[in-house]
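Subject: The model I promised

Hi,

Here is the structure I said I would pass on to you.

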Amino acid sequence: MNAIEVSGLAKRYGELEAVRGASFEVAAGEVFCLLGPNGAGKTTIAEILEGYRTRSGGEVSVLGVDPAVGSRELRERVGIVLQSCGVQDALTVGELLEMYGRYHRRRRSAGELIELVELDAKRDTRAAQLSGGQRRRLDLALALVGDPDLVFLDEPTTGFDPQARRQAWATIRALCGLGKTIFLTTHFMDEAQTLADRVAVMRAGEIIATGPPNELGGRDARPAEIRFELPDGWTLEQLPAVAALERIAEGRRVLIRTDQTIRTTAQITAWALEHDLELAQFSVSQPSLEDVYLELTGEHVADEREQIEALQR
Amino acid sequence: MNEAPATLRRDLGLTAWQALYEQRAFWRNRARAFFAFLMPIMFLVIFASIFGKDTISTRDGLPYNDFFVPGILAYGIIATTFFNNAVSTAILRDQGVLKRMQGTPLPRWSYIGGRIASSSITTLIMTALVLLIGRLGYNVHVRGATLAGFFVALVLGSACFTTLGIGIVRYIRNADAAPAVLNFAILPLTFISGIWFVTDNQPAWLRHVAEVFPVHALADALQYAFNPATTGAGIKGNDVLVLGIWLLVGIVAMIRFLRQPLGEA
């Protein structure tokens, strides 16, 4: 059974269409990620699924229930980490976990959760005194206090330093190990790549691509890219004829796109050996998720346009 | 079949727990506890020390203290119920705590019930302290005969200002603006409602304005119950009526605030 089913979801604020006909499913036990730039509508969808916002159209089912009805049973089974959300500042970490724990029929102990999010040293510290990263970890612990089947994480690592992010990722992966379904929103590509089983890319209120991170936008089927630097005294014309779709030289740097990765690589390395050449910065790679994402969302186009406009000013 | 009463019992238990957590949080926030709790007591000591020997000629020589102790008690009830609930609710809303609570299985009435219970506990402690200081320091007290009137005023007044305090948050855009809005709503009324000084000589139109609002009704009801010359149970029907009407207004305002969706920005 699917944990989440969404079809034709729409949300309008007056003239503004924040979400336009979004459809997707999240299987039980899956880590599903909504990826997109800020303002694409990720949080709007997350908050509709969490029951905080009403929808203008479409069908939504979360754990078999319509979240707009707001049933208590659903809230017993769902844990939510909102984007920015305070706690009762005067209470300590331990007290908060105990207090929120009481609301649930099924619950995990404060000690266990404190250990999971590594706040052992802060158990008796008031929430007001926690750092940003510690607060975010407390948020996660509070979302897990009812031992939920489904966890919503809305941009869980925004504002983290790299080490804190890796820690958070490890914790989230540990959750997957427990069989939880996780619904994640992020604008970080590496986060989606690292954590998600499936990714849906959003742009301007629409889902424009869905799939596992490695297959997104036909990424796995795309031509590989071979890069290297031409040695001094050699030109692009002197390269052997290889099975390439495209050959581009930029100064001394060469980029070859090919759908016959092994054959082309072999041809080039054989040619280099024959002439006893060392090819600096030699690499073979598939297009990264970032390349695909930027292409899909059209962000690089916008960036370039901004740069041109800035230069013209 | 047995599930509904069991759930209700469990939710009442949760409400009690919530009241305890709210109390703990309240007393840890020294600044807020000071404003809601110690201010009225400070005013009591200051005003009673300055005017304590005066009598009020327009009220048959009633000692000023017999007038002022119940007046300051009314102010204390307003501070602990109306101010305290409005400011803390506005802060909790702005910080997203209300939104977080909405995502938990705790029923909303349990949460609000717990917060109201907590502010009622604070109000009771403050009331006991004012009564004690009034009795020991200024020989002011409620006689057994008018105890009924005192309790009616205390309960009705607390309920009225608690619901109004939560309901008014709907009209407070952000927590920073809360003290300004609340003082604007209440402070002028305290001056024309006979909390700090006797208003018997103020113009009739001003008196009529004051009599519409619950500040005057609460102060007057308590002063009536405290007055040694009062005969009967100490219940003044007019004040009870005004407080009752404002309680209804408060309940409607509170429900409207609580029904507001918190997710829509």
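Predicted model: local features only at pLDDT ≥ 70, side-chain atom pairs only at ≥ 80, totals over all residues.

**Chain A overall**

Chain A has 313 residues, of which 36% count as buried. Its secondary structure comes to ten helices and 13 strands. If you take the principal axes, the C-alpha atoms of chain A fill a box of roughly 75 × 50 × 50 Å. Looking at contacts in chain A between residues at least 6 apart in sequence, 67% join residues at least 24 apart.

**The six-stranded sheet**

I would look at this part of chain A next. Six strands form an open sheet with mixed pairing, in the order β5-β6-β7-β3-β8-β9 (chain A). Its edge strands are β5 (78–81) and β9 (206–211) of chain A, each of which pairs on one side only. From one strand to the next, the twist averages 15°.

With β3 (residues 31–35) of chain A, strand β8 (residues 198–203) of chain A runs parallel, and four bridges join the two. Within that pairing, F32(A) has R198(A) as its bridge partner, while L35(A) sits opposite V201(A). With β9(A), by contrast, β8(A) runs antiparallel, through five bridges. Here A200(A) stands opposite T210(A). The hairpin of β8(A) and β9(A) has two residues between the strands, and A204(A) takes a positive phi near 45° in it.

Helix α5 (residues 132–143) of chain A lies across β5 and β6 (150–154) of chain A, and it runs at about 165° to β5(A). Helix α9 (residues 289–297) of chain A packs on the sheet as well, where it touches β3, β8 and β9 of chain A. The direction of α9 makes about 35° with that of β8(A).

**An open strand**

Strand β13 (residues 280–285) of chain A lies largely in the open, because the number buried among its six residues is zero. Its partner is β10 (residues 224–229) of chain A: the two run antiparallel and are joined by four bridges. E229(A) is found opposite A280(A) in that pairing.

**Where the chains meet**

On the chain A side, 21 residues are in contact with 20 residues of chain B. Three helices of chain A, α1 (42–50), α2 (72–77) and α3 (93–102), each supply at least two residues of the side that touches chain B. By class, that side of chain A has ten nonpolar, four polar and seven charged residues.

**A helix pair in chain B**

Finally, have a look at helix α3 (residues 64–95) and helix α6 (residues 147–167) of chain B. Their axes come within 8 Å and cross at roughly 20°. Angles under 35 degrees count as roughly parallel, so α3(B) and α6(B) are roughly parallel to each other. The crossing of α3(B) past α6(B) is right-handed.

Residues of α3(B) in this contact include I78(B), F82(B) and A86(B), and those of α6(B) include G157(B), F161(B) and L164(B). By class, the contact of α3(B) with α6(B) has eight nonpolar and seven polar residues, and no charged residues.

Note on methods. Residues numbered from 1 in each chain as written. Chains lettered and ligands numbered in written order. Contact = placed C-beta atoms within 7 Å. Nonpolar A, V, L, I, M, F, W, Y, C, P; charged D, E, K, R; others polar. Pairing = 2+ DSSP bridges. Axes fitted to C-alpha atoms, helices over the stretch in contact; angles between N-to-C directions. Buried ≥ 20, exposed ≤ 12 C-beta atoms within 10 Å, placed from the backbone. Parallel < 35°, antiparallel > 145°, perpendicular 65-115°, else oblique. Left-handed = near helix turned anticlockwise from the far one by under 90°.
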